[in-house]
Amino acid sequence: MKKIFMSPFFTPVVFIVVWFSFMMGVYYLYPNDILNMTSEGGGIEAITHFGYVVLIAVLLVLSDDFSDRVKTWAVLFFLAICTWLREQGIQHHLSRTDTTPFKSRFFLNPNNPISEKIIFGLVLLIVAAAVIYLAIKYSKHLVSSFFHFNPLTWSIAVLCTVGVCAKWVDRFPANWKKAHGGVPLSEQTYAICQLLEESSEMFLPYIAIVALFQYKLQKTH
């Protein structure tokens, strides 16, 4: 079992199989409830929130494995908390004058207080700095170890790919409407896009959990 779990193909194959099965299950069993299941407070969001709670707990349990990399553990824990709060929708309750303070339009809107722009601009800079820190420190190793079929690296590659694709799907309906003169997607197509996005994001914390345990096993090997 350990050999299978530590295979570089474990995360890609398991993710594709489980994700596709979940998508097909929702699509065929609940065709009329897709928008409800993918909406805020829906079933998929609940599974996502649970995943981040488990991820944070796993990071705490495995903190000793990062004893020689205190900065890395702290950055990962910080980013896990930030992502969990984002999934909770905290960004919609921070600004007194806008729907979210973490988009370019917030900083360009003259009606938003300068104090909020400074505060939330600093928050974005801190998050960006955390991501850049990890990228600078590990990007070279990740690239080289990927071609050596390192299971942890492959799991991280799946995590990043799924995250990027989910964000692209998230923007697709708006980009489509803009590119087609204000004509939106059909309701069915929009529902499929929502299912693609939310189900992809749902698996992100679980992929991260797999990567953490692979890291632990690699370290103790």
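This is a predicted model: local features need pLDDT of at least 70, side-chain atom pairs count only at pLDDT 80 or more; totals for chains, interfaces and linings use all residues.
Which side chains meet in a salt bridge at 3.6 Å, N to O?

Residues are numbered from 1 along each chain as its sequence is written, and side-chain values use heavy atoms, with hydrogens and water left out.

Okay, the overall picture. The protein has nine helices and zero strands; helices here are DSSP runs of H or I with at least four residues, strands are E runs of at least two, and numbering starts at the N terminus. Along the principal axes, the C-alpha trace spans about 55 × 50 × 30 Å. Of the 221 residues, 36% are buried, and by that I mean under 20% relative accessible area, with exposed being over 50% and partly exposed in between, using a 1.4 Å probe and protein chains only. If you take contacts between residues at least 6 apart in sequence, 66% of them join residues at least 24 apart; a contact is heavy atoms within 4.5 Å.

Back to the opening question. It's Asp 170 and Lys 167, and a salt bridge here means a side-chain nitrogen of Lys or Arg within 4 Å of a carboxyl oxygen of Asp or Glu. Both sit in helix α8, three residues apart, so about one helical turn separates them. Asp 170 is partly exposed at 26%, and Lys 167 is partly exposed at 38%.

The whole structure has three salt bridges. Why would such pairs form at all? Side chains of opposite charge can pair when their charged atoms come close.

Another one joins Asp 65 and Lys 216, with the closest N and O atoms 3.4 Å apart. Asp 65 is in the loop between α4 (43-61) and α5 (70-87) while Lys 216 is in helix α9, so this pair ties together parts that are 151 residues apart in sequence. Asp 65 is buried, at 12% relative accessible area, whereas Lys 216 is partly exposed at 29%.

Then there's Arg 86 with Glu 87, at 3.1 Å between the closest N and O atoms. Arg 86 counts as partly exposed at 37%, but Glu 87 is buried at 11%.

Now, helix packing. The axes of α2 and α9 (187-220) come within 10 Å and cross at roughly 145°; those axes are lines fitted to C-alpha atoms over the stretch in contact, with angles from 0 to 180 degrees between N-to-C directions. On the α2 side, the contact residues include Phe 10, Phe 15, Trp 19 and Phe 22, and on the α9 side they include Ile 192, Leu 195, Met 202 and Phe 203.

Last stop, the surface. Phe 9, Val 13, Val 14, Val 17, Val 18 and Phe 149 make a nonpolar patch with about 510 Å² of accessible area together. Patch members have over 30% relative accessible area and no salt bridge, with nonpolar side chains (Val, Leu, Ile, Met, Phe, Trp, Tyr) joined within 5 Å and like charges within 9 Å. Areas come from Shrake-Rupley with a 1.4 Å probe, and for residues only the protein chains shown count as cover.

Val 13 belongs to helix α2 (residues 10-29) and is partly exposed at 47%. Phe 149 sits in the loop between α7 (114-146) and α8 (151-179), is partly exposed at 45%, and has a phi near 60°, a positive value in a residue other than glycine.
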